[in-house]
Amino acid sequence: MVVSGDLVCDVPPGAVAAAHRRHDAVVTAMFCSAPSYGPSDSGSSAGKEKAKKPGRCNIIGLDPTRQFLLHIATGAEVEKDIRVQKSILRAVSQMEIRGDLMDAHFYVFKRSALHEILDQKEIYQSLKQDVLPYLVRSQLRSEVLLNGTPGIEENRSEKFAFDKQVMLSQLLANASTPSFHELYALGPNVSHSVKRRTHKCCVYVASSSKYCARLNSIQAFSEINRDVIGEASHLSGYSFSAHNNIIDPSAELGSKTTVGPQCMLGEGSQLGDKCSVKRSVIGRHCRIGSNVKVVNSVVMNHVTIGDGCSIQGSVICSNVQLQERVVLKDCQVGAGFVVTAGSEYKGESLARKEKIQSQ
């Protein structure tokens, strides 16, 4: 089982593993609904990401039962024409093409098969970009030694016209519904003693009721923080107040200061008078002055914000100091950075320059 460290979800891993074992698959990949803010692996600024239209994460092909992965296009291939193997279409009869699902980077592999591929395909560097597409492409002409037993390669010149009713009558003797892999493996000649070599690539599509997101960009970081105190509040482990927010008992609020729904105020943080916090997360031990507005933002720990500041759609890292009347919109401020009084930034990434010491 391989799970990316940036995956945030409440799908039980055992459910994916059970689907993998049930089909005796070489690989099972989990997919979920694509985020509304669109995919990003570039780490670009939130301001730039919001200007982009949400793109397709992947293009995948599923069998009619939505259990088997028949086609996958990732990266630059997503923008190209879709080319599907004829052998797959002939074997499965019909395919559902989906562009609304995100690869969760949650894979279950047959250990022996994965080791064999990595040993033989030394140029492969990525499970998503290399190994998974290879397994999907080769599932009807498998080169993987399942259970350590070599098989006979298929005769590629063979025709695919065969009596499926005869195949079904033989396979249904085992109390389970045969997959198209099993039908294809018997080949056009039912009495032939040699089966074609195939392997199964399965897919687990997470229910829309489950939360699934990847923390792979600044914008995703902001959105997931807000989700955890919003629609995915069950992931936070905190108890919400009657106002649908989380305010630590040790936090202090000034006169006429409001903390709206889906907000969080951490331990020991202080807000001055007439402040407004909306759909934002404020970490521990922050010192925030008077007349400060924080909207759709994440403020980490030990941050100092001066009077009259306005922060919108931004991520403020730990130990940052914002002096008086600073205006930030769609910005990221690196740890320990000092923003001088009266500064205004939009769509910027602010960070301290590291000094290179000569030896």
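The largest nonpolar core in this predicted model has 27 residues, and Val299, Ile305, Ile316, Leu322, Leu328 and Val333 have the most contacts inside it. A nonpolar core here is a set of buried Ala, Val, Leu, Ile, Met, Phe, Trp, Tyr and Cys residues joined through side-chain atoms within 4.5 Å. A second, separate core of 22 residues includes Val26, Ala29, Leu69 and Phe109.

Now to the rings. Phe and Tyr rings, and the six-membered ring of Trp, pair if their centres lie within 6.5 Å; planes under 30 degrees apart are stacked, over 60 edge-to-face and the rest tilted. The count comes to two aromatic pairs. In one of them, the rings of Tyr107 and Phe109 have centres 6.0 Å apart and planes at 55 degrees, so this pair is tilted. Both partners are listed here, with buried meaning under 20% relative accessible area (1.4 Å probe, protein chains only):

| Residue | Relative accessible area |
|---|---|
| Tyr107 | 3%, buried |
| Phe109 | 10%, buried |

Helix H5 spans residues 127-137, and its buried residues are Lys128, Val131, Leu132, Pro133, Tyr134, Leu135 and Val136. Helices (H or I, at least four residues) and strands (E, at least two) are DSSP runs, numbered from the N terminus. Cover for those buried H5 residues includes strands S3 (27-33), S5 (69-73), S7 (101-109) and S8 (201-205), plus helix H4 (111-120).

Residues are numbered from 1 along each chain as its sequence is written. Local features need pLDDT of at least 70, side-chain atom pairs count only at pLDDT 80 or more, and totals for chains, interfaces and linings use all residues, while side-chain values use heavy atoms, without hydrogens and water.

Definitions and conventions: Buried < 20%, exposed > 50% of the residue type's maximum accessible area, 1.4 Å probe, protein only. Contact = heavy atoms within 4.5 Å.
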